[in-house]
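Me: I would like a close look at a single part of this structure, with the details set out in a connected account.

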Amino acid sequence: MSYVLGIDSSTQSCSALVLDTESLHVVTEAAINYGQDLPEFGAPNGFIPNGKEGEVHANPLMWLEALDRLLTILAAKVDLAKVRAVCGAGQQHGSVYLNANWFESLASLNPRQGLAAQLKSSLSRPTSPIWMDHSTSAECAEITAALGTSAAVSERSGSFATERFSGPQIRRFYKREPEAYAQTARIHLVSSFLASVLAGCDAPIDTGDGAGMNLLNIQRRAWDPLLMKATAPDLDKKLPKVVRGNHRVGLLAPYFQARYGFAKDVPVVVFTGDNPASLVGMGAGHSGQVVISLGTSDTFFAAMPAVHVDHSGSGHVFGNPLGGTLSLQCFTNGSLAREKVRDRFGLDWQGFSAALESTPVGNKGRLMLPFFAPETSPRINRSEPILDGDADFVAGRDAAAWVRACVEGQFLNMLLQTRWMHLKPKRILLTGGASRNDAIAQVVADVFQCQVERLTVSNSVALGSAMRAASVAGVADLPKLEAAFCKVESGKGCKPRPGCAETYKLMLQRMARLLRL
Ligand code: ADP
Ligand code: XUL
C-alpha cells in the first residue's frame, strides 16, 4: 500500500487527508479547529481578535501545535509507516519571522517535546501577520513610489502593492521594529515554515505562494532585486530560495518517525498556498476551468497558460504548481460576512438556506454591497454594508431579504471584479466550507449563468497537496489521481434557473453604479 499525506494549514483550521494511491481511495481525514481545539491561543477564528490599525495576526506556535495534534490523531487512525510522500499548503501571504536559532533548532528536533515548545525561541517576532491584515497602506504607497507606478509593481510581481501581501507586511515590521527585523535571519510564509519543520531543514518558497508577496518577479519566477530593495534591507539574505512546484525539500525529519511512526526516507514536497493547492485538488490545474472557493475568504481562480495581469488593481497572478500561472481574485468578505448576517438574525445554516430559498431571484430589487469589513475586491474600507432598497430592508428588519441580498451581492460583485480575466467558463467548480450549501450554490449558478459542480472530496486543499506529494515524489501519476479523486458529485450540480439572466444583468449595472460612489 502506498499512502500519501496532504496537509492544509488554513485560516481557521489545520486539516489532513491520507490517500491510498493504489486502491485509489481516501484512507482518512482529520482536522484541528484553532478556535475550538486550541482555545489557549485565544484565536476563536484563527487570528488574534481586536488588532489595532487593521492588524490581523496569529500565533505561529498555534500552527505548530495544531500540526502535532493533527498527526497524533492520524497516527491513531492509520499506520503512518505506509506514507510514501508528504506535501501541504498554507493560507497565503502570512509571514513568519525567525532568528538565527531557527536553523539549528530545526535540525535537532527532540521527539520527546512538542514542536511549539522547541521552536518558540526561534521566533524573532512572536506573532505573524496573516492575509486579513490591512494595516500596510502606507507601505504599499512607499513600495509603489519606489517603483514609480502601480503598473510597474504589477508588471513585475503580478499584483499591485497589496495590503495583505507579505512584502508590505515585512516593510511595516522593518519600519516599526528595526531591531527585531535586524535579528530576523529568515522570513518564511506559512507554507514554507511548515515544510521546513516537516523536513527538519530550511525549505524554499514555491512560485505559487511566493507570488503573493510583491517580491517575486512573475515573469522570471525569481526574487526581484528592485522589489526587494523597495521593501526592506537585506532581503536577499533573509528570504529562502524560490523554486517551482515540482521540487522536493528533503526527507521527513527523524522527529516525525520517532513520534508518529513514519518510515525513513519519506520525501517532503515543497508546499504551496491554499489556493494553488486547491486548483490541483479540483482537477483544474490545466487551463479551461474556473474554481470558486468559499472559505473564510471567497476566491475565484483559474489556471492560465501565460501571465495576464489585472490593470485595474485588485486581481493577482500567482504561479501554478503544475506550471504556467493562476489568476486569482480574493474577496475578504466571504464566509465571515455570511456569518455576520446569519448571526444578526439568530439563524443557523439551515435557517440561512431556508431564507435564501424563500426569496425570489433579484430579491425584489433589494441590493447589498456586503462589506462588513474592509474589502480587497474592490478596495473599499467599510465596516457596514451598503444597502439599496425599501425602508424595511435598509433598516435591517427583513431577515430573509438580508440573507439573499448578502449572497446575491457577493456573487454579483465577484462577477464584476473578475471580468479582467476574460473567462467564459462552461462550468464552475465550487469548493470550501460554504460550498456544501445548496442554496448558495444555486445563487452562484444563477448569477454566473453557468453550470456549478461540486467534487466528491470536499477538502480540495489537502487533496491537492496529497496529489502533489504523490506526483512529485513519483508515487503515482497525476492524471490517474485526477480521474479517481476529482470527480464531480453526481446529483449535486446546479443549472442556472430560467429567467434570471435579465434580472441579474440589470442588478449588475446598479451594483457597478453603487461601487463608483
Ligand atoms: P478556511 O479554509 O478558510 O479555514 P473553510 O473552507 O474550512 O475555511 O470554510 C469555513 C467556513 O465555511 C466557515 O467560516 C463557515 O462560515 C462556512 N460554512 C460551513 N458550513 C456552511 C454551510 N452549511 N453554509 C454556509 N457556510 C458554511
Ligand atoms: C488569497 C487570500 C486568501 C488566503 C486565505 O490571496 O488572501 O484566499 O489564501 O485562504
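How do the residues of the lining of the largest pocket divide into nonpolar, polar and charged?

Reply: In this predicted model, the lining of the largest pocket divides into 11 nonpolar, 27 polar and seven charged residues. The pocket holds about 1,100 Å³ of space. Its lining comprises 45 residues, and those closest to the centre are Leu294, Gly295, Thr296, Gly432 and Gly433.

This largest pocket is the space taken by ligand 2. Helix 14 (274-281) and strand 19 (325-331) are the elements that give two or more residues to the shell around the ligand. That shell consists of Thr11, Gln92, His93, Trp131, Arg164, Asp274, Asn275, Ser297, Thr299, Leu328 and Cys330. By class, three of these residues are nonpolar, six are polar and two are charged.

Several polar contacts can be described individually. An N or O atom in the side chain of His93 is 2.7 Å from an oxygen atom of ligand 2. For Arg164, a polar side-chain atom lies 2.8 Å from an oxygen atom of the ligand. Gln92 takes part through its backbone, a polar atom of which is 3.1 Å from an oxygen atom of ligand 2. On its own, ligand 2 has 290 Å² of accessible area, and the protein covers 96% of this.

Methods:
Residues numbered from 1 in each chain as written. Chains lettered and ligands numbered in written order. Predicted model: local features only at pLDDT ≥ 70, side-chain atom pairs only at ≥ 80, totals over all residues. Heavy atoms only, no water. Near = heavy atom within 4 Å. Polar contact = N/O pair within 3.5 Å; in protein donor to acceptor, adjacent residues only side chain to side chain. Areas by Shrake-Rupley, 256 points an atom, 1.4 Å probe, with all protein chains shown as cover. 1 Å grid on protein atoms, 1.4 Å probe; cavity = no way out; pocket = protein on both sides within 12 Å on 5 of 7 lines; lining within 4 Å. Sits in = over half its atoms within 2 Å of the grid points. Helix = DSSP H or I, 4+ residues; strand = E, 2+ residues; numbered from the N terminus. Nonpolar A, V, L, I, M, F, W, Y, C, P; charged D, E, K, R; others polar. Points joined across faces, edges and corners; volume = space filled by probe spheres on them.
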